[in-house]
Amino acid sequence: MTTAPDYVPDSEDRSDFAAASRGLLAALDPCVIRDVAGRVVWDNERWGFLTGRCPETVHPGLWRQGQLNTAQGLFEVVPGVYRIRGLDVSNMTLVEGGSGVVVVDPLVSRESAAAGLDLYRSVRGDRPVKAVIYTHSHGDHFGGVLGVTTPEAVAAGDCVIVAPEGFMHHAVSENVVAGPAMTRRAVYMYGRSLPLGPEGQVGFGLGQALSTGTIGLIPPTVDVTATGQELTLDGVCFVFQLTPDTEAPAELNFHLPESKVLLVAENVSHTLHNLLTLRGAQVRDAHAWASYITESIQLFADAEVLIGSHHWPTWGRDEVLRMLTEHRDAYAYLHDQTVRLMNSGLTGPEIAEEIQCFPGDLGRVWSTRGYYGSISHNVKAVYQRYMGWYDGNPAHLWPHPPVEQAKRYVAAIGGADATVAHARQAVDAGDLRWAAELLNHVLFAEPHHATARELQAEAYTRLGLAQENGTWRNIFLTGAQELRGAEQERRRAGAGHHASLDMLAALSTGQVFQTFAVRLNGPRAAAHRFLMRWEFADVDEVWTLLVGNGVLTPMRGDAPRAEAPDMTLRLNRSDLDRILAGQLSFQDAVTSGEAVLAGDASVLATFQGLLERPERDFPIVLP
């Protein structure tokens, strides 16, 4: 067994702090960003408590990471390359060209990106944005694009948008099918309902928080389709490397030969990353991830500065090679050793107990520690990618669901009170994992058992406060918070909102109808069969929607065998987007003439009645 180490990286090593502050040219004072209505969308001042000594309620490694992440302002990487840090969860990079500037990864929201661009211009002059590069398909790297350019500037050719091949599909598809469930789980992962402070949220390793401003998206005008592809943007040569199916399904790195700067998106950060993010996603490919870092080492051996989409730069050719090598080896080790043990018959949880740290020198590195991703849940992700949810044990093939299982366990132990008594003994003995499992059974059998709720909240709190991993800390502490009755906080943090028009416009019509398909109540819909024809004049598209056998089947074009539709709806696709954004209803669109309905009008009403609105604050720690 590779047991947890009795050493940590050198606590006296301050090189990361020196790197995090190097090149500071200007900062926001105070670092508070508001939207046009005056609402605060980013407040870096909230993290002021991190300047003090680490308290007993926070793991020293996570406290240190939070201190590093709160550095904010405009930083010079090398002459002509600048970074905005600490104005959002991610970084915005600015590369100066002949007459303007190329913006890379314009943060989460319009307001943060605009504030960052203003800060840059206050030092470097009012350079126009000539290009925007999205390094990958996650929202914290494109959502603020409307703060640095406009659709009109892009349409006029004054600004180009560069992204990896497949960007648009992946940028919107992740939230199409599983968005509501992911959003609810993200409340736990990011600690959105937790108070900030030594007993609450202190950051999550990759960053401190996400800004809450206006999210937008302008589709790319230039695709990067191959490694080695070169683009000259405002006179600057960019050499690209595609890295699909690593940290994101569509991702790229680039090298600036003139300045010898290598940007590696989120493939290398100052934390171990996630192979499966705890909010939910498809499992990432650890083997491919390591292989692409090897390719980066081979392609860009002359790189003298390494920058990522988060955190601070690394300077020096030897240090760049060391950083790349360590992260390559970290993901390769997780992959290879998990597969080795998997092929020896161990399951995911068993392998996670076997691999608790990296070996040798790799275990002494600050940047591969699990502040965001963890060895434990990454190992389980590798197992899941190859083997799926079933571990091969027949007892686990057809178990009772959680509530029924809980009732039987509690009865077998002697009732709820007896089970709580066993859990109290486990808590007193420090076996918090076992206590949490026992109490989870009690709460799923008897959700209102007050003693069990409070004891479980205590167990979760103690588990959370001990974690070096920021997301684990947030998950445990949020579970404790909700058990203690913070219903208002749960609903506030998990409250849904309509998608922005920019994001809706980026969806293909087929993707829009897929959102309908996963909202259809199949058992109720099984009593119906009808055909609907949708005509969108503004995009010259015709779609046929068939409801039958409890399934919604969208088809581009006319119905098969020329079957006559029961209903035809004519409207602009832009009006459908407004309906989905909550700005218009189908009924109002028909009444105003913005939509024309022909055929059986009751079909549309029936269809709407069969669509369920996703539950955005469903319970997690209770049934």
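Which residue of E20 is the bridge partner of Arg533? In this predicted model, local features need pLDDT of at least 70 and side-chain atom pairs count only at pLDDT 80 or more, while totals for chains, interfaces and linings use all residues. Residues are numbered from 1 along each chain as its sequence is written, and side-chain values use heavy atoms, with hydrogens and water left out.

The partner of Arg533 is Thr568. Strands here are DSSP runs of at least two residues, numbered from the N terminus, and two of them pair if DSSP finds at least two bridges between them. Strand E20 (residues 567-571) runs parallel to E17 (residues 530-536), with five bridges joining them. Five bridges also link E20 to E21 (residues 595-599), here in the antiparallel sense, and Leu569 stands opposite Leu597 of E21. Four of the five residues of E20 are buried (under 20% relative accessible area with a 1.4 Å probe, protein chains only).

A cavity is a set of points, on a 1 Å grid over the protein atoms alone, where a 1.4 Å probe fits but cannot get out; lining residues have an atom within 4 Å of a point. Points are joined across faces, edges and corners, and the volume is the space filled by probe spheres set on them.

The largest cavity holds about 140 Å³. Its lining comprises 16 residues, of which Asn69, Gly86, Asp88, Val89 and Asn91 are the closest to its centre. The second largest cavity holds about 60 Å³, and its lining residues include His270, His310, His311 and Trp312.

Technical notes:
Buried means under 20% relative accessible area, exposed over 50%, partly exposed in between (1.4 Å probe, protein chains only). On a 1 Å grid over the protein atoms alone, a cavity is a set of points where a 1.4 Å probe fits but cannot get out, and a pocket is an open set with protein on both sides within 12 Å along at least five of seven lines; lining residues have an atom within 4 Å of a point.
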